Amino acid sequence: TIKEFKECLAFAKAVRSQFTKTKQHAEPIDTILDVCGGHGALAALLLILTSAREAIVIDPANGNDQEGFGGVRDAWSLFLGDKQLSFCHEDLRTALPAELEKRLTVTKNGEHTKQSPQTILVV
């Protein structure tokens with residue numbers, strides 16, 4: 001609804017404003033983990049308004065793209081460009097730690113490198 005969109009936009013702008021104020025001290029956001037993010041509107045807006053390259057919506061709701069999940073991604077694909085919006089329909093107690101671990105220990109060419117925790121935004 002328009003009301004939900006306005007609420008998401010206000011929150012996304014507040015987050016972006018906070019990171020802009022401290023950008024001399026902070027690394028750019030690279031990954032967004034949207035906990036209980038439903039259909040992903042907040043994650044999509046944060047992708048559009050920040051430097052993040054990917055957002056993962058973690059929501060235990062049992063659904064798939066045919067039931068509406070991914071509708072935001074499809075509707076806003078023009079604005080998202082090559083940024084990735086994906087969905088994880090798992091229990092929060094296991095999914096959030098698993099997604100954080102994936103990003104904090106990334107394997108490239110057989111080497112383990114770490115994404116800086118300061119580049120991960122959890123909302």
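Before sorting residues by class, I noted that Ala, Val, Leu, Ile, Met, Phe, Trp, Tyr, Cys and Pro count as nonpolar, Asp, Glu, Lys and Arg as charged, and the others, Gly among them, as polar. I kept in mind that this is a predicted model, in which local features need pLDDT of at least 70 and side-chain atom pairs count only at pLDDT 80 or more, while totals for chains, interfaces and linings use all residues. Residues are numbered from 1 along each chain as its sequence is written, and side-chain values use heavy atoms, with hydrogens and water left out.

Entry on the lining. I looked up the lining of the largest pocket by class and found six nonpolar, five polar and two charged residues. (A pocket is an open set of points on a 1 Å grid over the protein atoms alone, where a 1.4 Å probe fits, with protein on both sides within 12 Å along at least five of seven lines; lining residues have an atom within 4 Å of a point.) Of the 13 lining residues, Glu4, Cys8, Gly37, Ala41 and Leu42 lie nearest the centre of the pocket.

Entry on Thr119. I found that Thr119 counts as buried (under 20% relative accessible area, with a 1.4 Å probe and protein chains only) because its relative accessibility is 7%. Leaving aside neighbours within four places in sequence, Thr119 is in contact (heavy atoms within 4.5 Å) with Glu27, Pro28, Ile29, Asp30 and Thr31.

Entry on Ala55. Not counting residues up to four places away in sequence, I found that Ala55 touches Ile32, Ala43, Leu47, Gln84, Leu85 and Ser86. Ala55 is also among the residues with the most contacts inside the largest nonpolar core, which has 20 residues. (Such a core is a set of buried Ala, Val, Leu, Ile, Met, Phe, Trp, Tyr and Cys residues joined through side-chain atoms within 4.5 Å.)

Terms used
Buried < 20%, exposed > 50% of the residue type's maximum accessible area, 1.4 Å probe, protein only.
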